Amino acid sequence: LPIILFLFPAGTHEEEAVEVALQYANSEHSRNPISQVILIGDAPSNTADQVLHLFESDASMFFLSFTGALQVAGGRRGDSRGCKLSPLTWKGTSMADQTFWEDECVKLRANGIPVHAFHVNKRSNVVENFKQISQKAGENGVCQFLDIASSQGATILCNLLTKRILESLGQTEEEKKLFNDLYLRHYPDARIMH
Amino acid sequence: LLQVHVIQTFLSEELTEEKQIQGRTARQGQNGSYCLVLLCKSLEKYLTNFKYKDDPPESEKDASYEYFVGGDCRLEKFRVVDAFDVLNAARQNFFTKDFEKSGDSKGSDDYYHNQAMDFRQALAAAVQSPKPTERADSLALVKKFLKTMNGSVLPPPVVRPIKRTLVLLDATGSMGSSIDACKKKIEEVCARAYDILEKAELDACFEVQFATFRNYDQDPPHLLSCSNWEKKPYNLKSFISSVRAFGGDFARFVIEPVFAHHPFFVSCRHP
């Protein structure tokens, strides 16, 4: 039986739990105020339907229990690909409540936290999702392609993060400009952003 | 009978210590012996005019040993009693000076003790003194003390609020190179930001936290895990180093049960 499981291709469900990460940002903000969020990823958030389906629907619960049964049958309980969605698993964690990325973006906007979203590939669903996240969260969020696979990938990342941090530290436009000018002047590789 | 012979190979800073070391032999009515074997070079500290040279030129030879032997004799005519007297006197002289120097000067124990006592007095006066001017003066003293004492240990007082940047990092299988880049560059990012702040002559402070996320097929700690808020990048680096890119094949979990209804699957199960 486990042999058959390996025959099925992976790939259609490419979303990741970005919404959980955004939810964490909001909850952390209530403890330690956050100035900005930088999101780096290669997959879009789970859609509301997917989250609902996973948490609530009878059908998915059937699938989940079915998977569990398969795992028991195949002696594979606890495999990383197994289902971890039983309510007991999540009880007492910050992920106990289901959430959607759009709801979290609304909260981020209310908290005044911008999200700067960097996608490391150019797949249309990722680009679209990240763009929307950066627009719907706090003001002035940017969305940009981060070519991490290129030979300059690490340098680009370094520049992106440094500039974001400096910009968050500038209290006025002049200060932000000053930081940017100083950065460009003192670091020869500072212009490598793409 | 066996005897203990003690060889002391350094000059004690105090005579009492030397006596203590001598007392390690000849214990409880037994016989014993003691000697000092000293490296000439180590005596420079005590004998201020004495500069030991490994191989002084012939012309300087007499002069360079002069102080050491304390008189008209050369090293080979060295008399033990004289040498000890010379060294002992030099030692006492050295530490009296050292002690005087440390007395109330900055950096000594007395200095810090007095400062602390003044601080305590000022603290009490800042609250209790009936005169407003005295209270204000005392408060200024308290602030000055805290600033001086904390200055070298803590970052300078920050007037601006700390700016916190939360980096949310997808840590599924395909994100390996991004995680590596973060690990490689995070220290440089912080160093550059602090450098620019310094160049802009601004007292500002920031903290960074990394949080990694995957998908619902993972255990809670793997679905979302985070570092602390860090001012220094070292801990961030060690957090990122611990992150392994995996997961992201949630699809199978969804697909498997669906395909389970496929006739092929069923027929496999029940041939």
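The model is predicted, so local features need pLDDT of at least 70 and side-chain atom pairs count only at pLDDT 80 or more, whereas totals for chains, interfaces and linings use all residues. Residues are numbered from 1 along each chain as its sequence is written, chains are lettered from A and ligands numbered from 1 in the order in which they are written, and side-chain values use heavy atoms, with hydrogens and water left out.

**Chain A as a whole**

- Chain A contains nine helices and three strands, where helices (H or I, at least four residues) and strands (E, at least two) are DSSP runs numbered from the N terminus.
- Followed along the sequence, these elements of chain A give the pattern α-α-β-α-α-α-α-β-α-β-α-α.
- Chain A has 194 residues, of which 50% count as buried; buried means under 20% relative accessible area, exposed means over 50%, and partly exposed lies in between, with a 1.4 Å probe and protein chains only.
- If we take the contacts in chain A (heavy atoms within 4.5 Å) between residues at least 6 apart in sequence, 74% of them join residues at least 24 apart.

- An open sheet of six strands, with mixed pairing, has the order E3(A)-E2(A)-E1(A)-E3(B)-E4(B)-E5(B); two strands pair if DSSP finds at least two bridges between them.
- The edge strands, each pairing on one side only, are E3 (143-145) of chain A and E5 (224-226) of chain B.
- From one strand to the next, the twist averages 20 degrees, with axes taken as lines fitted to C-alpha atoms (for helices over the stretch in contact) and angles running from 0 to 180 degrees between N-to-C directions.
- Across the two chains, E1(A) and E3(B) pair in the parallel sense over five bridges, and Ile38(A) has Val167(B) as its bridge partner in E3(B).
- Within chain B, strands E3 (residues 163-170) and E4 (residues 206-213) run parallel and are joined by eight bridges; Val167(B) has Phe210(B) as its partner in E4(B), while Arg164(B) stands opposite Glu207(B).
- E3(B) is mostly covered, since seven of its eight residues are buried.

**Helices lying on the sheet**

- In chain A, helix H7 (residues 124-136) lies across E1 (36-41), E2 (115-119) and E3, and runs at about 170 degrees to E2(A).
- In chain B, helix H8 (residues 233-241) lies across E4 and E5, and runs at about 5 degrees to E4(B).
- The buried residues of H8(B) are Pro233(B), Leu236(B), Phe239(B) and Ile240(B).
- These four residues are on the same side of H8(B) because they cover an arc of only 115 degrees around the axis, the arc being that of the directions from the helix axis to the C-beta atoms.
- Their cover includes helix H6 (176-199), E4 and E5 of chain B.

**Cysteines**

- Over all chains the structure holds zero disulfides, a disulfide being a pair of cysteine sulfur atoms within 2.5 Å.
- For Cys158(A), the closest cysteine sulfur is in Cys190(B), at 9.6 Å, which is too far for a bond.
- Cys158(A) counts as buried at 1% relative accessibility, whereas Cys143(A), with a relative accessible area of 26%, is partly exposed.
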